[in-house]
Amino acid sequence: KPVVTVKPDQRVFSGERVTLTCVIQGGGDIQWRYSWFRDGNTVYPYTTSTSAEFSFTADRVSVSEYSCRGERSDSHTDSDAVTLTVSDLKSKPELTPDPAGAALTGNTVTLTCRMDPSTGNWDSYWYKHTLNPETEKKKTNSYSLKIDSVSDGGQYWCRAGRGKPVYYTQYSDALWVNVTVSPKAVLTVRPDERVFRGETVTLRCDIKWGGDTEWTYRWEIEGTNNQYKNTVSRTSTQELSISSVDLSHSGKYTCTGQIHTQSSQRSDAVTLTVSAEAQASVRVSPQPWLTEGESVTLICEVSGSSKGWTFSWFRDHDHLSDSSRGAGGSYTLSPAALQHTGVYTCRAERGRPAYYTHNSSSQTLWITGVSASVSLVINPSRSQHFSSDSLSLSCEDQSNSTGWTVRRYTDKDTQTCAKRTGSGCVMDSLSTSDTGVYWCESESGEKRHPRNITIHDGEVILESSVDPVIEGETLTLHCLHRSTNSPILSADFYKDGSLIQNQTTGEMNITTVSKSHEGFYYCKTERGQSLHSWISVRVRVQVRFLSSKSSVFFWPLLRIC
């Protein structure tokens, strides 16, 4: 039985070219002849034809039924009728964007040219308003517009076409595509990019964007561990929280914000480094041995990380409540008093819930009293000495009291001088193990006049006063050589690691010393470099005598001073 097919569609528009085909399945090699009927009446050609196709231009509005007949020598057969509707008004497609609204650079907008009602297979023709409009033909009714820059915005429209020759619809209404530069996501990490196993880490993705737009967020992780390599995690919130991180969480993290199908610019990568448990360490500046009234600072640090820590301090295992002294990891005693003597440790914490480091190793502070009557006499009178040289120390008591002994603290322990001479001590052949702090101690345990002594087995030492320099006086430094024990002619002098003078006499003088001259000094020559020595500067105490009339009232106070 014949079947009638219609191209381009059973719904066409006035002016379109229509082709009807009479298809007979299983006809074999039989030569068929065809006749065509409209609304039951024979149409042109009025006689049968060997062509199975019948083409014509739909030139008037109508609704008609077409059928065909297949004939052969001894019989004929008729098809069922098909309805062909011819409309007068040209169709106008509707142009819509996805997503709607402003387009962000770096994204794609899909334009759809939709026929309503949908009739047959149309090709879509796309246009953009430019000085030289370009036409692009697509077999489908959608067009992907890649938004690389703001210049990709503007007016777009479309129309549909089909058939040969092409029959075109009307143009769609113009669609204005607004393009906005895509904002860049900013990724921040709390408490730090360098964290320790067991800490809680929070990553936050921020996007500066006006309005009440609700963003969703996409997280990308390029881990150092294969388990997390190129892992992608989606979340609807700004923050990605990792509780109790471990080494496998180390890697590069990025984020992007998303509005429907559009994305912001990807954030810069943040490298999260997870290390083993944190360890606090403590150091002292300038030195752990000092006289009451001087200043000392203990510094607590966490190796490999410096952000977000708060610190707790302990003396002899007791927590020190004056946390204001520990701001920023520094604990300052100014002025230091006898009761501040003790063993100090520190601990750091950060985050919520709090993460605690291990306690630091201990640091001992020794604060001794000021005594005008007792002093430690060192001969030769300098803080640095060559190994194998001899050294004598003695406690001089101007009040003629007895019972003072030279004591010392080395890296091993506290001990009394081995070779004693009265209240003194003689060391015939020094070694580096004799480096330490020496002081005078009474029978009742009072400590006075601590001094640092350093033994060097190198070729060069710095000769400096073993006692603090008084503000306003002159500081003299020499660079001594082992073989001559006399100043070297050419030497460079350094303070706190920076070159301050180059001398050809081997001697450096600083006149009118002030507190700013305090620091670590050393010298360097072609024969070697000395060790570092701390030069302490004390403020000069000024006493003003009052008039004879007033002195009677203030003389007791002056005596106390």
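Modeller: Before we start, a residue is called buried when its relative accessible area is under 20%, exposed when it is over 50%, and partly exposed in between, using a 1.4 Å probe and protein chains only. By that rule Cys479 and Cys523 are both buried.

Biologist: What kind of model is this, and how are residues numbered?

Modeller: This is a predicted model, in which local features need pLDDT of at least 70 and side-chain atom pairs count only at pLDDT 80 or more, while totals for chains, interfaces and linings use all residues. Residues are numbered from 1 along each chain as its sequence is written, and side-chain values use heavy atoms, with hydrogens and water left out.

Biologist: How many helices and strands does the chain have?

Modeller: The chain has one helix and 56 strands, where helices (H or I, at least four residues) and strands (E, at least two) are DSSP runs numbered from the N terminus. Of the 561 residues in the chain, 42% are buried.

Biologist: Back to Cys479 and Cys523, what joins them?

Modeller: A disulfide joins Cys479 to Cys523, with 2.1 Å from S to S; the term is used for a pair of cysteine sulfur atoms within 2.5 Å. The torsion about their S-S bond is about 80°, so this disulfide is right-handed. Cys479 sits in strand β49 (residues 475–481) and Cys523 in strand β53 (residues 519–525), so the pair links distant parts of the chain, 44 residues apart.

Biologist: And how many disulfides are there by this rule?

Modeller: The count comes to six disulfides, including the one between Cys22 and Cys68, whose sulfur atoms are 2.0 Å apart. Because Cys22 lies in strand β3 (residues 17–23) and Cys68 in strand β7 (residues 62–72), that pair ties together parts that are 46 residues apart in sequence. Another disulfide joins Cys205 to Cys255, and with 85° about the S-S bond the link is right-handed.

Biologist: Are Cys205 and Cys255 buried or exposed?

Modeller: Both Cys205 and Cys255 are buried, and Cys22 and Cys68 are buried as well.

Biologist: New topic: how many aromatic pairs does the structure hold?

Modeller: The structure holds 18 aromatic pairs, which means rings of Phe, Tyr and Trp (its six-membered ring) with centres within 6.5 Å, where planes under 30 degrees apart count as stacked, over 60 as edge-to-face and the rest as tilted. Trp122 and Tyr167 form a tilted pair, at 6.5 Å centre to centre with 50° between the planes, and both of these residues are buried.

Biologist: What about Tyr125 and Tyr168, how are their rings arranged?

Modeller: Their ring centres are 5.3 Å apart and their planes are at 70°, so the pair is edge-to-face. Tyr125 belongs to strand β13 and Tyr168 to strand β17, 43 residues apart. Tyr125 counts as buried at 8% relative accessibility, whereas Tyr168 is partly exposed, with a relative accessible area of 28%.

Biologist: Which residue lies over the face of Tyr168?

Modeller: Arg159 does, at 3.9 Å from the ring centre; a charge sits over a ring if NZ of Lys or CZ of Arg is within 6 Å of the ring centre and within 35 degrees of the ring normal.

Biologist: Last one: what does Thr454 touch?

Modeller: Thr454, found in strand β46 (residues 447–456), touches Ser383, Gln384, His385, Thr435 and Leu531, not counting residues up to four places away in sequence, where contact means heavy atoms within 4.5 Å. At 17% relative accessibility, Thr454 counts as buried.
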